[in-house]
Amino acid sequence: SAGWLADETPRLDSSVKGSAFEPTSPRATETVVGPERTVDGFAKAFLDELNFEAGVALKRSTTTDQYLALARTIRGYLMADWLRTAERRRQNPTKMVGYLSAEYLLGRQMGNSLLATDLGDIAEQAMTSLGLDFNLLRAQEIEPGLGNGGLGRLAACFIDSLASMDVPSIGYGIRYEYGIFRQTFEEGRQVEVPDAWLSLGAPWEFPHPDRAVQVNFGGTTEQYIDGDGRTRRRWLPAWNVQGIPYHYMVPGYQNGVVNTLRLWSARATQEFDLKIFNSGDYAEAVRAQTFAENISKVLYPEDSTPQGRELRLQQQYFFVACSLKDFIDRTLEEDFDLTRLDERIIFQLNDTHPVIAIPEMMRLLMDEHDMEWAAAWEVTSKCFAYTCHTLLPEALEVWPVELMTRLLPRHMEIIYRINEEFLDTVREAFPGDELRVRRMSVIQEHPERAVRMANLATVAGVKVNGVAALHSELLRDKLLPDFAALWPNKFTNVTNGVTPRRFIRLANQQLSTLITDTIGPGWETDLERLRELEPYADDAAFTESFRQVKQANKDRLRSILSQRDGIELPEHAMLDVMVKRLHEYKRQTLKLLHIVSMYDDITSGRVRREDVVPRTFVFGAKAAPGYFMAKEIIFLINSVAKTIAQDPRVTDLMAVAFPANYNVTLANKLIPAADLSEQISLAGKEASGTGNMKFALNGALTIGTDDGANVEIRELVGDENFFLFGMLEPEVAALADRGYTPSSFYESNPALKRAIDLLASGHFTGGDRSLAAPVVDDLLYKDRFMALADFQSYLDAQARVDAAYRDVDGWTRSAVLNVARSGFFSSDRSMRDYLDRIWMPKS
Ligand code: F58
């Protein structure tokens, strides 16, 4: 049987100068030798890039020239390993993981590449030897923001882990020309600026226009008789585009493995052009070209509520069609029998965005590779597994039948047939239960006929998983209960994880050094080893160093925010951080109510100044451009921040900072500095969260609800090292059933009333009450996510936080234990779980 782990696990041997590649393929005879791993070797390679590739003299070069040459130099060191990894996988074909994701929120590439190759010191010395400022060059990189938030970042962590574990795998996605928008604030309001991340050049990518793939759209289908006299159907598409693959290196952590991320970019096909050129309309032809290229132009910046836009469906089909064709062609190169395709691939569907891959696989096998329906279904239903990332019903994608028929008529036919056969199965299992049949159908009838992508994924997938224990339970029992009744064993959990390489080693170098000095090297790829830190929670020397690291990270953050945003933060204060997409269910408003309440307590003299624990509150959050309430909340946070900064009664005790454009780069600077991690979603709404894990691993304590992966964090770090508050999910459900009236909480809770009244009064909005009204009125009269119901419990928990923080030793001990007990949250562990439970189960 096909093994998962490769035949050999090459180790990068840094004592060897240059890494040679001796190919085993009879056709390939070249030896790829990387540049010398010395300061001189690096400097020479850099100058070669600058002089001979870019055609620029060092003396005349700009910072951008230098950054690009540096990036190209570093990637040169990865090249031999990349080619060798690819060759090794071709020579020894095994089952692979195809990660299908519309988003990869990669973060900057340079630091990670230096870490993977262990070239940081050499590169820095080489730049210094040339009189260049290494850190200035590193700061030039614009991160590829090809994702919205947690889901996209998760994909990036997963491919990092797969490479670090040498799992044969490939990531497929879209090379958006514009990633997630850059956020700016104008008078406290979010203004979106296009993210021209490619404008300086793209040194980390390898375009392969010669390997373009054609993707069809539109048209009709017809029946015909094939050469063997069989009646068959085929697609007569109306138009097409081509997908150009762009390859990205995905280096493993110092293990000589470099996997590939293949992102597709849309171009007009010649055929497409010619048709219109021949009609003599030049302007129309150019317009058509633009039309084709629009498909990969921009990432949709929606979070949690997808917009059912036609272009979005085009994007989804585009990248999935390219990816499946790419993989099948690769498989056919080894003269492989496609009826056994599941021995070569398992495609993991990252949410419903790539689910159109299921009918596409059926179409390819039947229409292009001559298989009968039954045989095609037999293999297709073994090749996909589906990960759900939400609990909000409105976030489940549905595509109108009208649109699907117009854009992908053959796929619509296939979906109907899949559904027909599926509903037969349901009727057989539950005779006479037509209500159930309607609930489970892949086609919804109301409010319009539409394809339910989650249902399709569940019907065809080998497994369906949620992303944290609680989420997987609620997914099974509340979101898809009918499917669980039919196929209880299809449902499983894989709790999310994060890569310790980027989120500890790169983000928190000082903590990393302290850890290595204490427990030795190797924890970066075996994160449970952090447990060995536990005894040091009571070691005076260790805890003192630990505190110093935290303080150094806070100092560094203060200087970054001062330079980056002109924000001046107090030197000594608890750093209380809430960073994540802006969404009502995540409840940034609850955090705001706490801040306003603290402000009110101080200014009204209700608390003695000497009893106040000084705090700096930091927010980071982008709002979907069309999400009105989210944008109002941003405005209100900025208004409160400004008022507080200008009120001398409180400036020594509290500060609110909201640096614009929270992204992976900023996360790496913020998280290591945090004392307190805010994870305060309404229980039952946050599927998992991954920021929560990053904070715990960097020694922040969590104040959080019993939601998502918070549940598991608390179990692991221990109740006494976690500030739990708020209703539990069943209590939320019960309150919703009874009927929730937020105003009754407002009326009966004086602290809450004071906070809301102060917000509503216009105190923070220059006296203009109307500016606070959208948020305040929503809280008072709707409050869909029950912030008011959890307010008192939250305040009480914050009081416990204050008390705990005053006890410096106790706090440090808890922080150390958070680090020591969070090794479970490595994305390496997540990958092992996917392997064991989904990709290669033992049974
Ligand atoms: C997030 N989903 C979950 N969706 O909200 C979070 O709890 C979880 O930790 C994370 O996935 C990883 O599993 C999320 O980020 C999106 O960004 C979608 C983008 C496309 C439109 C719909 C939302």
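Start by selecting Q315: apart from its neighbours within four places in sequence, Q315 is in contact with A102, I174, I295 and S296. Two residues are in contact if their C-beta atoms, placed from the backbone, lie within 7 Å. You are looking at a predicted model, where local features need pLDDT of at least 70, side-chain atom pairs count only at pLDDT 80 or more, and totals for chains, interfaces and linings use all residues. Residues are numbered from 1 along each chain as its sequence is written.

Stay with Q315 and colour the helix around it: Q315 sits in helix α9 (residues 310-333). Helices (H or I, at least four residues) and strands (E, at least two) are DSSP runs, numbered from the N terminus. Why does Q315 count as buried? Because it has 24 C-beta neighbours inside 10 Å. The cut-offs: buried takes 20 or more other C-beta atoms within 10 Å of a residue's own, exposed takes 12 or fewer, and partly exposed is in between, with C-beta atoms placed from the backbone. Now pick L137 as well: Q315 and L137 are 178 residues apart in sequence, and their C-alpha atoms are 34 Å apart in space.

Next, select strand β15 (residues 345-350), where 6 of its 6 residues are buried. Show the side chains: I345, F347 and L349 point one way from β15, while I346, Q348 and N350 point the other way. In a regular strand the side chains alternate between the two faces of the sheet.

Two strands pair if DSSP finds at least two bridges between them. Click on Q348: it is the bridge partner of Y99, and its own bridge partner in β16 is A385.

Now move to another sheet, an open one of 3 strands in the order β17-β19-β18 with antiparallel pairing. Its edge strands are β17 (398-400) and β18 (443-444), each pairing on one side only. Between β17 and β19 (residues 450-452) there are 3 bridges, and V398 has R452 in β19 as its bridge partner. Helix α15 (residues 453-460) lies across β17 and β19, running at about 45° to β19. Axes are lines fitted to C-alpha atoms, for helices over the stretch in contact, and angles run from 0 to 180 degrees between N-to-C directions.

For a helix pair, select α28 (residues 750-760) and α29 (residues 769-781), whose axes come within 8 Å and cross at roughly 145°. Show I756, L759 and A760 of α28 together with R769, A772, V776, L779 and L780 of α29, which make the contact. That contact has 7 nonpolar, no polar and 1 charged residues. Here Ala, Val, Leu, Ile, Met, Phe, Trp, Tyr, Cys and Pro count as nonpolar, Asp, Glu, Lys and Arg as charged, and the others, Gly among them, as polar.

Last stop: the ligand. Which residues come nearest to the ligand? Of the 19 around it, they are N148, G150, L151, A687 and S688. A residue is near a molecule if its C-beta atom, placed from the backbone, lies within 6 Å of it. The shell divides into 6 nonpolar, 10 polar and 3 charged residues. Colour domain 2 (93-108 + 143-495 + 832-839) and domain 3 (573-807): both give residues to the shell, so the ligand lies between them. Domain bounds come from an automatic or database domain assignment.
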